[in-house]
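I opened the notebook to follow the strand pairing and then the ligand shell. Entries are in the order in which I looked things up.

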Amino acid sequence: MGIQDASGLKALLFDLDGTLVDSVPDIAAATNQLLDSEGHAPLEVDEVRRMIGHGIPKLVERALAARGRVLDAEALAPLVARMNAFYGDNLTGRTTLLPGAVEALEEGVRAGLGLAVVTNKPEGFSRTIVAHFGLEDLVPVVVGGDTCATRKPAPEMLLHAAAKLGATPATAVMVGDSGADVDSARAAGMKVIVVRGGYGGVAAEDLGADMVIDTLADLFGALERLAQTANARA
Ligand SMILES: O=C(O)COP(=O)(O)O
Ligand SMILES: [Mg+2]
């Protein structure tokens, strides 16, 4: 019996940064270009890693705050636009796929599941990255931070992706790396699995996920355990 029959699972929603890809080298480079353009010293890659997960505007706000600049929305907007220009010029130069990512997507397709990327990164950038790694046929749905009116940790993006794949919150599982992923899944009424070693600076165990895995190679084992737990409770 496959995972789909065992659990009624129809769709898997994958976060992008820190879950499917390690994008922090390119994001940190763009962040430091932005800081330099404002006359500020660069941040360490590890510092930037802890700032990722709530979208580029939040990252820009956090990076400038780390240099003592606290800005209101109006002052932030042109800096976010400049950050998008820097990052948009180099989305993939040093970004790599995380271990097990392609295999997990392929296994999902083989199991007959619908797959989506649900990321706070802008949709256009996300589609470029998905295409760069040749994943667009595996992942037909890409929902970015500017696709809906709200972004993670609000539930809207997850509900939108699930609906596009013909799934409901009960038949979709979110797979991510940060608090935004767990909180959005909870708000949407979905189960959530967290992959260790992602961004955001909070230990995976402390995020409140249904399950924590070391890499995406462990995803289908975790999904089977989740289904068994649900069946045992039913
Ligand atoms: O914060 C971002 O811009 C994107 O992060 P996510 O892919 O982890 O949602
Ligand atoms: Mg992430």
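I started with β1 and β6 and found them parallel, joined by four bridges. I count two strands as paired if DSSP finds at least two bridges between them. Helices (H or I, at least four residues) and strands (E, at least two) are DSSP runs, numbered from the N terminus. In this pairing Leu-12 stands opposite Val-173 of β6.

This is a predicted model, where I require pLDDT of at least 70 for local features and 80 or more for side-chain atom pairs, while totals for chains, interfaces and linings use all residues. Residues are numbered from 1 along each chain as its sequence is written, and chains are lettered from A and ligands numbered from 1 in the order in which they are written.

Next I checked the burial of β6 (residues 172-176) and noted five of its five residues as buried. Buried here means 20 or more other C-beta atoms within 10 Å of the residue's own, exposed means 12 or fewer, and partly exposed is in between, with C-beta atoms placed from the backbone. Ala-172, Met-174 and Gly-176 point one way and Val-173 and Val-175 the other, all of them buried.

I then followed β6 to β7 (residues 191-195), a parallel pairing over four bridges. Gly-176 has Val-194 of β7 as its bridge partner. With helix α9 (residues 179-188) between them in the listing, β6 and β7 make a right-handed β-α-β unit. Right-handed means that, with the strands pointing away from the viewer, the path from the first strand over the helix to the second runs clockwise.

I went back to β1 (residues 11-14) and found four bridges to β4, again parallel. Phe-14 has Val-117 as its partner in β4. Both faces of β4 are covered: Gly-114, Ala-116 and Val-118 are buried on one side, Leu-115 and Val-117 on the other.

From β4 I traced three bridges to β5 (residues 141-143), also parallel. Val-118 stands opposite Val-143 there. β4, helix α7 (residues 123-132) and β5 form a right-handed β-α-β unit.

Last, I looked up ligand 1. I listed 13 residues around it, the closest being Leu-16, Asp-17, Thr-119, Asn-120 and Lys-121; a residue counts if its C-beta atom, placed from the backbone, lies within 6 Å. The shell divides into three nonpolar, seven polar and three charged residues. Ligand 1 lies between domain 1 (3-23 + 95-233) and domain 2 (24-88), because both give residues to its shell. The bounds come from an automatic or database domain assignment.

Note on methods:
Ala, Val, Leu, Ile, Met, Phe, Trp, Tyr, Cys and Pro count as nonpolar, Asp, Glu, Lys and Arg as charged, and the others, Gly among them, as polar.
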